[in-house]
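Hello,

Here is the structure I promised to pass on to you. Please have a look at it first, and then read my notes below.

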Protein chains: 2
Amino acid sequence: MTAENQKTVHVDLGDRSYDILIGPGLIAKAGREIVSRLKGRKVAVITDEHVAPHYLQPLAQSLEEQGIAIHPLTLPAGEKTKSFGHLISVTDHILASKIERNDAVIALGGGVIGDLTGFAAGIARRGTRFIQIPTSLLAQVDSSVGGKTGINSPHGKNLIGVFHQPDLVLADTDVLNTLSEREFRAGYAEVAKYGLIDKPDFFEWLERNWRDVFSGGPSRIEAIAISCQAKADVVAKDERENGLRALLNLGHTFGHALEAATQYDSSRLVHGEGVAIGMALAHQFSARMNLASPDLARRVEKHLIDVGLPISMGQIPGELPPAEVLMEAITQDKKVKGGKLTFILTRGLGQSFVADDVPASEVLSFLRDKRG
Amino acid sequence: MTAENQKTVHVDLGDRSYDILIGPGLIAKAGREIVSRLKGRKVAVITDEHVAPHYLQPLAQSLEEQGIAIHPLTLPAGEKTKSFGHLISVTDHILASKIERNDAVIALGGGVIGDLTGFAAGIARRGTRFIQIPTSLLAQVDSSVGGKTGINSPHGKNLIGVFHQPDLVLADTDVLNTLSEREFRAGYAEVAKYGLIDKPDFFEWLERNWRDVFSGGPSRIEAIAISCQAKADVVAKDERENGLRALLNLGHTFGHALEAATQYDSSRLVHGEGVAIGMALAHQFSARMNLASPDLARRVEKHLIDVGLPISMGQIPGELPPAEVLMEAITQDKKVKGGKLTFILTRGLGQSFVADDVPASEVLSFLRDKRG
């Protein structure tokens, strides 16, 4: 029985294909969805102390009703949990729970829990089955789809990990009602990103319907499904980021540099806000390089402002380091090939492309201007 | 220029295909072989304190002559190095050395260094290029081929890791001249295994030519090449061990149990000796189950005795635990599916097969008889 307001996005990756189910009440229905897809009758559930009080019990009940035994592990919330120390704990928990090939590991949480748990599932017994139950908008439209998993290193974010595709993603849209406005907006930055990459019609639709997306109307499930489909399409064509998949980094090179410059202090800047500023900067920089019109940059900025997202470095509370330090963070980012700078730039609305020979001097002088 | 006494085995894995070069002097020629295959000009070299004094300097010189910068890291020798602690060190070394997508990580050592380094290369930047220079016979014919990497867990050996195929394997047969007799014999157990799995002609050839293999005659390179080809063929058909690849575990279920029972104390038992005893037991157990003749078991035992390998538990120095404890180790092994015992058994010389419904009671009573 599929509810009318439930959508399914299929990620086509040959023998690693899987479904993303999107709709209300999916945590309560998780047991039924999982039991029909899993041979084993045992799961390890990894979550964090913010999510556990709300959703661990309903998930456990739903699984137990279907005869699935659950082994829960609750971790501290926050980006610091994406560490080797917690990777060791989660991997040990999976092995101690005797999760075998037909059983599964479930990530119940946002991007941090999904990335960490996916990595642990990817290395325990050289790969155990993995189910994502993302509880933030960001995780639903981005990190839970596509198989990128990982932890942070002193040398940079997400520098250590594996590609490990989930077997199922359950995006329960009810959980979004408990997110803060700021957290929802941050996830929305990634939604808008899919429009700006290569879906001008979707971006225009968002300009008209974003209020309904934010208020939880029917456009919300629609926007999530289109976003997941957009990511799934890119991942299906380039699972291991050899080319096309880099487009998903629109706004992320500037964004990551700003996250690093604010020491990943979420009171100053969260990932989605960095991406929003990064997308505004990428469009401005494209205009400066005469690739796209200044009008386009202004149109993108207007939409981000409408939904309440930041578009400039000046909006970040506190002092930012000089442009040279931001530049350093950019060249240390992993999208550097043989010393040249790779950026995602645009030629028009929804016409993003991978520019892999951007002169560092232009970027530096742009940053100097923009930092003010 | 390929020396006449050098052989190449191609591992056919689509876009992850690679060559294994086998022959003398390959460490001295490593720079030339690598420079022609690598876009980058930087490598991290991971080795151990036993291997480094002999081969790190010649390798470094060969690489530097071709303009390749090297970042070496020397670890303690021994099985204990396959730990999360050393995985963290190696991964950090790779990232600190700024090894990027076109550069490579080289494992210079035996199975421990290969497994650990391959794992670190597999997770650094979600996969960096990886070159194996195996310095033991065991590593040349087994662990360096096929992409299985990993570390040990308190829950069992090799329970944590990834599949990460190398881009090149350089098996320098000169290094085998410095191995101890015991170490060479232990590697030979895996050579004989390929005959017993599905190459009766190869096993018969080994029965006639093993002295030449041991003394370093032309049969040695031949035996290594046939072994690598045998493993490559299995891996090409079943990269991620969903079926056929399990055959490579012939002798390993009993062998692993004996390694665990001796606390991985190499003064009592090394892996290859465990495999030799395990292969003898697997053939005896196959006879007991009326699958193969007792004559075959005796023939296999005779060859193992000829080359100086052990064939029975009684040959292991010190006390062994009771049969029940060995049985416990077997059921904790990772080749357990849904509680049933999976063994590699045989129907004749070179006619091994995966038996996945072996009654535990039969195995236990067999172990009681054999433990004496």
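**Where the two chains meet**

In the interface, 34 residues of chain A are in contact with 34 residues of chain B. Please keep in mind that this is a predicted model.

The size of an interface is often given as the accessible area lost when the parts come together. Here chain A and chain B bury about 2,800 Å² between them, and 53% of it lies on carbon and sulfur atoms. As for specific interactions, eight residue pairs are in polar contact between chain A and chain B, both residues being at pLDDT 80 or more, while the count of salt bridges between chain A and chain B is zero.

On the side of chain A that touches chain B, at least two residues each come from helix H3 (84–96), helix H4 (111–123), strand E8 (156–160) and strand E10 (336–337) of chain A. H3(A) gives the most to that side, with seven residues. By residue type, the side of chain A that touches chain B divides into 13 nonpolar, ten polar and eleven charged residues.

**A hairpin in chain B**

I also looked at strand E7 (residues 151–153) of chain B, which runs antiparallel to E8(B) and is joined to it by two bridges. The hairpin linking E7(B) to E8(B) passes through two residues, and Ser153(B) stands opposite Gly156(B) in E8(B).

Is strand E8 of chain B largely enclosed or open? Four of the five residues of E8(B) (residues 156–160) are buried, so this strand is largely enclosed by the rest of the structure.

Best wishes

Notes. Residues numbered from 1 in each chain as written. Chains lettered and ligands numbered in written order. Predicted model: local features only at pLDDT ≥ 70, side-chain atom pairs only at ≥ 80, totals over all residues. Heavy atoms only, no water. Buried < 20%, exposed > 50% of the residue type's maximum accessible area, 1.4 Å probe, protein only. Pairing = 2+ DSSP bridges. Contact = heavy atoms within 4.5 Å. Buried area = accessible area lost by both parts, 1.4 Å probe. Salt bridge = Lys/Arg side-chain N within 4 Å of Asp/Glu carboxyl O. Polar contact = N/O pair within 3.5 Å; in protein donor to acceptor, adjacent residues only side chain to side chain. Nonpolar A, V, L, I, M, F, W, Y, C, P; charged D, E, K, R; others polar.
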